[in-house]
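Trainee: I have a complex open and would like to go through parts of it with you. Could you show it here before we start?

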Amino acid sequence: MAATDRSTTLPDGIVVVVKEECATCHSVTSVLMQLADATPLTVFTQDDPRFPAEPAAIHDADLSISWHHDIETVPTVIRVVDGIEVERTVGWHRDEWERVTGVGGLGPDLPKMRPGCGSMSVDPDLVDELNVRFGASVLGSRRVAVADAEDEMEMMFTRGWTDGLPVVPPTEQRVMRMLTGTSRAPSDIVATVPPDLVDVTVEKVAIAAVMAGCLPEYLPWVLTAVEAACNSEFNMHGLLATTMPVGPVIVCSGPGTRRIGMNSGGNALGQGNRANSTIGRALQLVVRNVGGGRPGEVDRATHGNPGKVGFCFAENDTESPYGTLAAEHGIEPGVDALTVFAGEGTRCVVDQLSREPESLARSLAANLQALHHPKLVLGFDAILVMGPEHARVFADAGWSREQIVAGISTHLNRSGAELVRGADGMAEGLPEAFADAPSLPKFRAGGLMLTYAGGGAGLFSEIIGGWANGDIGSKPVTRAVTY
Amino acid sequence: MTTATRSRTILDPTSERTVAERQRLARPASLRGVTVGLLDISKPRGDVFLDRLEERLVGVGANVKRYRKPTFTKPAPVDLRHQISVECQVVIEALAD
């Protein structure tokens with residue numbers, strides 16, 4: 001690194017970076033002659049080593065000067081003192097050039113200003129390669145060579161790095177590009193990933209994001225999901241080890257969901273949207289490859305569920321009549337945030353006839369009571385995903401989020417006698433000690449959570465059932481997205 | 001290095017940890033006078049199984065100490081694991097459902 005730093009240190013005085021292909025650079029060659037007479041001057045040229053003819057330029061052939069000094073426009077004029085950049089200006093602007101160089105009367109025949117051209121070091125065709133050439137030394141991961149005769153997709157299956165679907169090969173170029181999605185350093189520790197309790201870096205998360213098919217702008221969401229899932233509160237270790245069919249379900253909200261094109265409308269819980277499909281998958285690839293959580297090993301699920309490949313969706317927070325799940329958990333409205341929930345697959349509630357909130361609340365309650373088992377209560381949370389047409393029934397009647405939950409919960413109380421083991425001819429149920437309880441709710445306080453997503457048509461809601469809740473199992477964890 | 005060759009190198013997505021292999025202790029010839037820890041993971045009816053085990057172990061002359069995890073869903077707390085390791089020569093963890 002030290003050698004690279006020295007070789008890219010700028011000489012003291014005035015430094016100008018140009019390229020032959022740029023008309024503005026041609027028009028300022030006379031100004032460069034003026035500067036060469038007045039002050040110590042070094043000119044770097046990006047493309048043609050013979051340009052300008054005078055004063056002679058140094059060819060930045062590998063663009064290392066341009067890349068290391070973030071040259072985005074040519075010409076760029078930089079004043080350097082003791083090897084340190086003091087100030088710069090880009091394009092041709094007489095007043096700025098005179099201020100930065102300290103030389104007056106520059107370019108009297110030129111117009112007052114002329115915009116510059118794009119630097120070759122930010123050329124979209126070159127930038128990924130340059131980022132690898134000069135920046136990849138920040139990557140600490142082992143480089144795995146793929147043999148000429150080897151199919152890299154098959155090789156990743158063979159090594160056990162995939163979730164059963166093909167993954168995008170995490171090349172240096174792709175990982176460097178992914179890392180542009182965050183301001184965090186590649187070596188930053190994000191979380192300690194169960195079950196092997198391995199400290200995971202931003203770089204390893206970026207590798208998983210590449211493999212999952214993410215774009216760089218999804219990376220902050222993936223990083224936040226990893227942080228939210230890998231702690232004792234959420235208990236990712238328990239989610240793996242349990243025989244129940246749960247995995248991390250990620251519920252996103254905030255304006256950032258629209259910036260990255262997440263789907264909160266039709267088929268929000270289904271396939272077809274890149275962000276929805278890949279953010280949750282990236283989290284699961286981190287758990288698999290970094291944490292070592294694999295089916296048949298620590299993952300002991302009896303059945304699992306298809307969402308364990310990755311389950312992530314956005315709430316339609318701009319149209320939600322009752323706010324967001326993140327807001328319910330204390331995040332300010334308008335802040336990008338996500339909640340991880342230990343959830344199974346979805347279960348549809350059909351009620352196409354209720355137009356009164358009381359009737360719809362009863363329908364929803366009847367379905368929610370059956371979650372995992374009608375006679376097992378208080379042990380499991382649930383997320384209720386209401387679509388626009390069900391939510392409207394409540395909104396038209398003026399019911400708030402709290403009123404909806406309370407209205408549904410009213411119909412989720414059962415006497416202990418109905419719930420104990422053996423009652424109703426079913427061995428499953430609560431211990432006999434609860435037999436005298438006059439009324440037991442299905443959900444603990446806060447255990448029934450509302451979200452709003454789905455397409456315009458359909459008088460349906462979806463239930464996402466949870467796992468052992470609270471201190472003995474998993475608590476939903478909500479985090480603001482860190483960029 | 002050309003682009004073509006660079007694309008044939010990928011980054012290791014794993015933790016790159018080498019798994020530490022630990023040698024198991026030799027099986028004791030007898031349990032007489034040995035302290036055996038019984039760890040209840042807090043699954044329902046695990047205590048039934050462990051109560052019976054305790055009877056059997058005491059019957060063959062072992063000393064028995066009982067421990068319990070706060071919840072079956074999470075790994076045993078590090079302090080509990082340490083306590084068992086210093087108090088017992090043998091440990092039995094009950095998985096019951």
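Trainee: In which hand of crossing does H9(A) pass H10(A)?

Mentor: H9(A) passes H10(A) in a right-handed crossing, where right-handed means that the near helix is turned clockwise from the far one by less than a right angle, and left-handed that it is turned anticlockwise. Before going on, please keep in mind that this is a predicted model, in which local features need pLDDT of at least 70, side-chain atom pairs count only at pLDDT 80 or more, and totals for chains, interfaces and linings use all residues. Residues are numbered from 1 along each chain as its sequence is written, while chains are lettered from A and ligands numbered from 1 in the order in which they are written.

Trainee: OK, and at what angle do H9(A) and H10(A) pack?

Mentor: The angle between H9(A) and helix H10 (residues 219–229) of chain A is about 115°, and their axes are 10 Å apart. The axes are lines fitted to C-alpha atoms, for helices over the stretch in contact, and angles run from 0 to 180 degrees between N-to-C directions. Helices (H or I, at least four residues) and strands (E, at least two) are DSSP runs, numbered from the N terminus.

Trainee: Which residues meet there?

Mentor: From H9(A) come Val202(A), Val205(A), Ala206(A) and Ala209(A), and they meet Leu219(A), Val222(A), Leu223(A) and Val226(A) of H10(A); contact here means that C-beta atoms, placed from the backbone, lie within 7 Å. By class, this contact has 8 nonpolar, no polar and no charged residues, with Ala, Val, Leu, Ile, Met, Phe, Trp, Tyr, Cys and Pro counted as nonpolar, Asp, Glu, Lys and Arg as charged, and the others, Gly among them, as polar.

Trainee: Why is H10(A) described as largely enclosed?

Mentor: Because 10 of the 11 residues of H10(A) are buried, it is largely enclosed by the rest of the structure. Buried means that 20 or more other C-beta atoms lie within 10 Å of the residue's own, exposed means 12 or fewer, and partly exposed is in between. The buried residues of H10(A) include Trp221(A), Thr224(A) and Glu227(A).

Trainee: Back to H9(A): how does it pack with H13(A)?

Mentor: Helix H9 (residues 202–212) and helix H13 (residues 274–289), both of chain A, pack at an angle of about 125°, with axes 8 Å apart. The two are therefore oblique to each other, given that under 35 degrees counts as roughly parallel, over 145 as roughly antiparallel, 65 to 115 as roughly perpendicular and the rest as oblique. The H9(A) side of the contact includes Val205(A) and Met211(A), and the H13(A) side includes Arg281(A) and Leu285(A). Its residues divide into 8 nonpolar, 2 polar and 1 charged, and the crossing of H9(A) past H13(A) is right-handed.

Trainee: Switching to H16(A), what do its buried residues pack against?

Mentor: They pack against helix H15 (357–369), strand S17 (380–386), helix H17 (401–409), strand S20 (448–452) and strand S21 (460–468) of chain A. The buried residues of helix H16 (residues 388–396) are Pro388(A), His390(A), Ala391(A), Val393(A) and Phe394(A), and the helix is followed by Gly398(A), whose phi is positive, near 80°.

Trainee: Now chain B: how many helices and strands does it have?

Mentor: Chain B has 3 helices and 4 strands, running α-β-β-α-β-α-β from the N terminus on. Of its 97 residues, 13% count as buried.

Trainee: Where is confidence lowest in chain B?

Mentor: The lowest is in helix H1 (residues 3–6) of chain B, at a mean of 44, and the highest is in strand S3 (residues 63–68) of chain B, at 96, with pLDDT being the predictor's confidence in each residue, from 0 to 100. Over residues 1–6 of chain B the pLDDT is below 50, and this stretch has 5 contacts in the model beyond near neighbours in sequence.

Key:
Contact = placed C-beta atoms within 7 Å.
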